[in-house]
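The sequence and structure come before the details.

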Amino acid sequence: QVQLVESGGGLVQAGGSLRLSCAASGSIFSSTMGWYRRAPGKQRELVATITSGGSTDYADSAKGRFTISRENSKNTVYLQMNGLKPEDTGVYYCNAKSDRSPWWSQGTWGQGTQVTVSS
């Protein structure tokens, strides 16, 4: 199993931008990568995913503002977040799920990085 380390979180004003990075300890070439968010007092929710083939999917709240991308040569996935809103505040987690994993597998999680958007 790969290990995942997120970085790039921080405090930003509403309307600002942040770029999150998730570095994996091994190859992510054959994995679907995802970003999830746990807002204060809420359950963890999907933000965006990108398959091994490059197909992307976004939560409605992220569409038009966030962009997920991957750089397999660096075993890294990114989340570019623009037009940030206070409701984007939370801990952002990276997830990796191998294409060979069984359907019930939750994949591997990173430790998370805090994003705080001030109004």
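## Arg65 and Asp88

Arg65 and Asp88 are both buried (under 20% relative accessible area; exposed is over 50%, partly exposed in between; 1.4 Å probe, protein chains only). The model is predicted: local features need pLDDT of at least 70, side-chain atom pairs count only at pLDDT 80 or more, and totals for chains, interfaces and linings use all residues. Residues are numbered from 1 along each chain as its sequence is written, and side-chain values use heavy atoms, with hydrogens and water left out.

The side chains of Arg65 and Asp88 form a salt bridge at 2.8 Å, N to O (a side-chain nitrogen of Lys or Arg within 4 Å of a carboxyl oxygen of Asp or Glu). Arg65 lies in the loop between strand E6 (56-58) and strand E7 (66-71), and Asp88 in the loop between strand E8 (76-81) and E9, so the pair ties together parts 23 residues apart in sequence (strands, E, are DSSP runs of at least two residues, numbered from the N terminus). A network of salt bridges links Arg37, Glu45, Arg65 and Asp88.

## Other salt bridges

The whole structure holds five salt bridges. Among them, Asp60 pairs with Lys63 at 3.2 Å, N to O; Asp60 is exposed, at 64% relative accessibility.

Lys74 bridges to Glu71, with the closest N and O atoms 3.8 Å apart. Lys74 is exposed at 52%, and Glu71 is partly exposed at 28%.

## Asn95

Asn95 belongs to strand E9 (residues 90-98) and is buried, with a relative accessible area of 5%. Beyond four places in sequence, its contacts (heavy atoms within 4.5 Å) include Leu4, Tyr36 and Trp109.

Definitions and conventions
Helix = DSSP H or I, 4+ residues; strand = E, 2+ residues; numbered from the N terminus.
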